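Reader: I am new to this structure and would like to go through it by question and answer. Could we begin once it is in view?

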Amino acid sequence: MSSAMALVCRVGAEAASRSLRWQPVEQRALGRDEVRVQVLVASVNPIDVKRAAGYGQRVLSLMGAGGREVVLGNDFAGLVTEVGRDVLNASVGDRVWGLVPTGAQGAHRSEVCVSSRWIRPLPRAVLMVSAAVLPYTFTTLWRALKAVGLHEQNAAGRHVLVNGAGGALGQLAIQLLSRWGATVTAVCGSASHARCMELGARRVIDRHATALSALPSNCDVTLNFGAWSDDADVMGRLHRSALGHATTVHPLLGEIDARGWLVGGWACWHAWRSMRDHLHSIAPKARYAWTVFKPDEEAMNALQASFLSRPVVLEVAHRAPFTQAQSAFAHVGQGRPTRAVLMTEL
């Protein structure tokens with residue numbers, strides 16, 4: 001077989017010790033239900049930066065995504081170059097966006113072979129750069145909303161508190177929920193205040209000037225995208241008949257990394273149960289969820305629908321060729337609210 005290229009990350013004990021190399025790899029044979037996509041743009045997400053420093057090695061190794069050398073990345077946009085014999089929803093030459101499930105492959109490569117379930121057509125009016133930064137984050141948000149039972153049909157009139165609203169998850173949450181008719185209170189740093197208002201937040205709270213515990217307990221749903229240490233105070237803003245609380249900043253991967261499967265797993269179970277019990281003392285019927293990324297066709301369909309009407313957006317402030325990936329990782333590692341992408345040099 002001919003060779004392709006991949007950005008191979010040699011995982012370090014800390015971010016400064018990682019190495020990123022754009023190197024030849026063997027081209028994989030295509031499965032019957034798969035498509036081969038020439039990757040023109042791939043997103044660098046915060047999880048990629050953390051994984052490059054060794055985060056999540058124990059758990060992700062079960063998915064084939066561990067080891068000292070990995071190819072990172074989950075979302076991409078590009079051109080279909082080959083289709084498997086059973087594929088009906090794509091043709092050679094199609095512009096597509098898509099997701100690579102967390103595993104051995106990764107999206108930071110010149111081409112991906114992925115099940116046709118995980119690609120969607122990209123309308124001509126939507127730039128590949130704009131599309132490539134959305135799938136991973138949008139899917140994670142969608143799973144959080146689904147876990148607490150919030151959706152387009154019941155969101156109108158609901159009050160939702162979003163902690164960590166200045167980040168990508170928070171920005172997408174504000175856009176989606178405000179379009180559904182929910183009232184969004186955004187908690188963020190002062191630098192993100194104007195952006196959150198522009199995206200549709202009804203009220204913005206400066207997290208450095210106002211304590212979470214000082215906010216009224218009048219929310220139907222709370223979402224914590226900020227810090228695990230905030231979780232109890234965030235869910236404390238729920239009223240007694242609230243739907244639920246979801247967090248993406250739980251300690252699952254970190255605890256197992258640090259303390260092993262037995263001790264770390266027990267610590268996570270204990271933390272989850274304690275927080276759930278605390279939630280039920282506030283809102284007895286509320287749902288409690290630790291959200292993790294997993295490809296979701298319903299989420300992809302919802303994102304595709306937005307492309308056809310009013311796309312959700314994340315600002316891309318850094319673009320780098322795959323051969324200069326370190327700069328994109330540095331941009332994301334600084335915790336900026338804007339996104340970074342890797343691009344094929346054409």
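Reader: In which crossing does helix 4 pass helix 9?

Author: In this predicted model, local features need pLDDT of at least 70 and side-chain atom pairs count only at pLDDT 80 or more, while totals for chains, interfaces and linings use all residues. Residues are numbered from 1 along each chain as its sequence is written, and side-chain values use heavy atoms, with hydrogens and water left out. A crossing is right-handed if the near helix is turned clockwise from the far one by less than a right angle, left-handed if anticlockwise, and helix 4 passes helix 9 in a crossing that is right-handed.

Reader: Which residues of helix 9 meet helix 4?

Author: Contact means heavy atoms within 4.5 Å. On the side of helix 4 stand Pro135, Phe138, Thr139, Trp142 and Lys146, and these meet, in helix 9, Glu298, Ala299, Ala302 and Leu303.

Reader: At what angle do helix 4 and helix 5 pack?

Author: Two packed helices are described by the angle between their axes and the distance between the axes. Axes are lines fitted to C-alpha atoms, for helices over the stretch in contact, and angles run from 0 to 180 degrees between N-to-C directions. For helix 4 (residues 135–148) and helix 5 (residues 168–179), the axes lie 9 Å apart and the angle is about 65 degrees.

Reader: Which residues have the most contacts inside the largest nonpolar core?

Author: A nonpolar core is a set of buried Ala, Val, Leu, Ile, Met, Phe, Trp, Tyr and Cys residues joined through side-chain atoms within 4.5 Å, where buried means under 20% relative accessible area (1.4 Å probe, protein chains only). Leu177, leaving aside neighbours within four places in sequence, is in contact with residues including Leu145, Val160 and Leu223. The largest core has 88 residues, and those with the most contacts inside it are Phe76, Leu177, Leu223 and Phe329.

Reader: With which side chain does the side chain of Thr247 make a polar contact?

Author: Thr247 lies in strand 13 (residues 244–247), a strand being a DSSP run (E) of at least two residues, and is buried, with a relative accessible area of 0%. A polar contact is a pair of N or O atoms within 3.5 Å; within protein, one must be able to donate a hydrogen and the other to accept it, and residues adjacent in sequence count only if both atoms are side-chain atoms. At 3.4 Å, the partner side chain is that of Asp231.

Note on methods:
Helix = DSSP H or I, 4+ residues; strand = E, 2+ residues; numbered from the N terminus. Buried < 20%, exposed > 50% of the residue type's maximum accessible area, 1.4 Å probe, protein only.
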